Amino acid sequence: MNTLIAQIEKAKPFFEKISRNIYIRAIRDGFIAGMPVILFSSIFILLAYVPNAWGFHWSPEVENFLMVPYNYSMGILAFFVSGTTAKSLTDSMNRDMESTNQINYISTMLATMVGFLLMAADPAQEGGFLTEFMGTKGLITAFIAAFVTVNVYKVCVKNNVTIPMPEEVPPNISQVFKDLIPFTVSVVILYAVSLFVRSTLGVNVAESIGTLLAPLFQAADGYLGITIIFGAYAFFWFIGIHGPSIVEPAIAAITYANIDVNLQLLQAGEHADKILTSGTQMFIVTMGGTGATLVVPFMFMWMTKSKRNKAIGRASVIPTFFGVNEPLLFGAPIVLNPVFFVPFIFAPIANVWIFKFFIDALGMNSFTTNLPWTTPAPLGILLGTNFQFLSFVLVAVLIIVDVLIYYPFLKVYDRQILAEEESGVSSSDELKAKVEQSFDTRKATAILEKSQVEETTTVKAEPSTAVKATESTNVLVLCAGGGTSGLLANALNKAAKEYDRPIKATAGSYGAHREILPQYQFVILAPQVASNYEDMKAETDKLGIKLAKTAGAEYIALTRDGEGALAFVEENLQ
């Protein structure tokens with residue numbers, strides 16, 4: 001097993017390069033920016049269809065009334081995401097452009113939205129647009145429109161293919177003429193593509209793409225497809241790469257389209273049988289976080305004899321319940337730990353197999369609602385599937401199966417740690433070295449040893465750093481989804497108040513930070529997004545902002561030690 005993991009680790013730089021690809025990141029960040037639309041629309045789905053679980057059905061008039069906000073939000077999601085994806089890609093392109101010759105992201109957003117409408121919207125007989133392919137069915141078209149548009153702008157702006165204006169012309173007017181040529185060229189290209197597809201296939205671009213990829217969508221919903229897709233989530237995380245940053249952009253169009261298909265099937269009184277949905281990923285596969293670790297902290301607390309393991313379980317149980325399992329992944333550690341390789345990869349796969357069995361064999365309806373990823377997994381399953389009786393059974397089965405999968409490996413690991421505690425000699429130096437190498441944890445080894453199992457109340461004392469922050473400092477902590485970053489931000493705010501430091505910390509998600517970045521003097525990257533350090537540094541250097549990245553064990557140690565977190569900030573500000 002050690003040899004296998006060593007071979008896997010050699011490929012880590014390649015996978016990190018993929019996760020930093022600007023097009024993959026643009027898709028991911030485009031969805032993050034559009035998440036308010038997705039979550040808002042889900043409110044009305046819950047109101048309209050959760051009562052069905054108790055045998056109550058709204059009248060057609062009330063159901064249509066509740067679905068209007070959904071149709072004008074989720075129903076045109078691709079239109080919104082085309083713009084947010086273009087904006088994200090423009091920001092990435094601008095990092096490599098001269099600061100005095102940047103692409104106007106407002107213009108690329110508008111051009112992309114126009115181009116998307118030309119490729120996805122059909123004119124209604126009585127005026128207006130038909131929106132059938134402007135929602136989740138048009139997401140791939142939205143990405144194509146964004147990629148084409150931003151690249152056209154890059155070529156035009158970089159080579160000064162614009163309409164120059166005299167210096168006397170106000171900048172806002174001059175910018176309009178600077179954008180006119182790339183705007184026109186990009187929209188004309190997309191319009192030409194639309195005309196060609198319509199003339200040859202008789203349908204719009206969005207519909208033709210859906211037809212072309214239909215076999216792929218069906219294959220992805222099969223046992224082999226879901227095994228590869230969701231096994232990859234855990235695999236990447238195990239070797240220290242944020243799996244969703246690679247896998248989610250590749251399947252996002254399928255997962256959100258399937259939610260919409262399931263809803264339409266439910267409305268028609270048919271079986272909602274699409275497996276590959278956002279709910280499947282958030283609440284079945286990553287039940288309690290990547291690796292399906294919801295049960296693991298409880299097992300650490302109740303089924304181990306090692307004091308260290310019990311302490312780790314107590315420290316990680318609440319965050320893991322809300323899908324933030326980094327304290328467990330890096331504190332145990334589970335990542336890069338050969339003992340947990342099999343259950344960490346297999347538990348998510350087993351979960352989605354069981355879920356598919358419930359859908360295909362028992363007739364349970366799949367997810368029809370998008371919910372926040374921080375919703376506790378059991379509740380997320382119940383809400384997302386409209387409180388069906390079988391969903392309660394499913395939750396119980398998943399918990400039991402995950403316990404059975406992890407149990408033998410947990411006992412092996414507990415015996416190992418218990419022996420170390422009794423002998424006073426650690427035999428896990430090799431594992432610690434691997435984790436430190438992958439997550440760069442050497443800097444905080446002392447803090448981790450001090451705080452990882454500390455459970456006694458300490459007397460208030462000044463932070464050990466010799467330098468104190470005297471000027472008001474805003475700190476931005478970034479992770480992938482805004483959950484893990486909250487752990488460190490809360491620890492910093494609490495410590496700053498306790499030790500009377502003018503420091504305020506805010507949690508955020510990488511990709512949704514660019515508009516608020518100028519408000520901060522220091523940025524901390526959580527381990528999941530540490531691979532974006534060089535890209536982030538290009539942004540912070542332009543603004544004169546300090547930047548630091550953290551490693552796995554280091555980050556968890558800082559979230560548990562407010563004094564250490566405060567010292568970390570003050571040292572990096574110098």
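## Arg501 and Glu570

In this predicted model, Arg501 and Glu570 are both buried. The two residues form a salt bridge in which the closest N and O atoms are 2.7 Å apart. The bridge links distant parts of the chain, 69 residues apart. Arg501 lies in the loop between α21 (484-498) and β4 (503-509), whereas Glu570 belongs to helix α24 (residues 562-572).

One of the pairs is Asp535 with Arg25, whose side chains meet at 3.0 Å, N to O.

Arg95 is placed in the loop between α5 (77-94) and α6 (105-120) and Glu539 in helix α22, so the bridge ties together parts that are 444 residues apart in sequence. Both partners fall under the 20% limit and so count as buried: the relative accessible area is 13% for Arg95 and 11% for Glu539.

## Packing of α6 against α8

Helix α6 packs with helix α8 (residues 171-201) at an angle of about 15°, and their axes are 9 Å apart. Because angles under 35 degrees count as roughly parallel, α6 is described as roughly parallel to α8. The crossing of the two helices is right-handed.

On the α6 side, the contact is made by Ser107, Leu110, Ala111, Val114, Gly115, Leu118 and Met119. The residues of α8 that take part include Phe183, Ser186, Val187, Leu190 and Tyr191, and among them are also Asp179 and Arg198.

Thr112 is another residue of helix α6. Its relative accessibility is 0%, so Thr112 counts as buried. Leaving out residues up to four places away in sequence, Thr112 touches Ser82, Gly83, Ala86, Ala142, Ala145, Ala146 and Thr149. The C-alpha atoms of Thr112 and Ser186 are separated by 8.1 Å, although these residues are 74 residues apart along the chain. Ser186 itself is among the α8 residues in the contact with α6.

Ser316 is located in helix α14 (residues 307-321). With a relative accessible area of 0%, Ser316 is buried. Its contacts, apart from neighbours within four places in sequence, are with Pro297, Pro327 and Leu328.

## Annotated transmembrane regions

An unreviewed UniProt entry lists residues 30-50, 70-90, 102-121, 180-201, 222-239, 282-304, 339-359 and 379-407 under "transmembrane region". Two of these spans can be described from the model's coordinates. Residues 222-239 are 89% helix and 0% strand, and the end C-alpha atoms of this span lie 26 Å apart. For residues 282-304, the end C-alpha atoms lie 28 Å apart, and the span is 48% helix and 0% strand.

Methods: Residues are numbered from 1 along each chain as its sequence is written. This is a predicted model: local features need pLDDT of at least 70, side-chain atom pairs count only at pLDDT 80 or more; totals for chains, interfaces and linings use all residues. Side-chain values use heavy atoms; hydrogens and water are left out. UniProt positions are given in the numbering used here, feature names are shortened, and annotations may be inferred rather than shown by experiment. Helices (H or I, at least four residues) and strands (E, at least two) are DSSP runs, numbered from the N terminus. A salt bridge is a side-chain nitrogen of Lys or Arg within 4 Å of a carboxyl oxygen of Asp or Glu. Buried means under 20% relative accessible area, exposed over 50%, partly exposed in between (1.4 Å probe, protein chains only). Axes are lines fitted to C-alpha atoms, for helices over the stretch in contact, and angles run from 0 to 180 degrees between N-to-C directions. Angles under 35 degrees count as roughly parallel, over 145 as roughly antiparallel, 65 to 115 as roughly perpendicular and the rest as oblique. A crossing is left-handed if the near helix is turned anticlockwise from the far one by less than a right angle, and right-handed if clockwise. Contact means heavy atoms within 4.5 Å.
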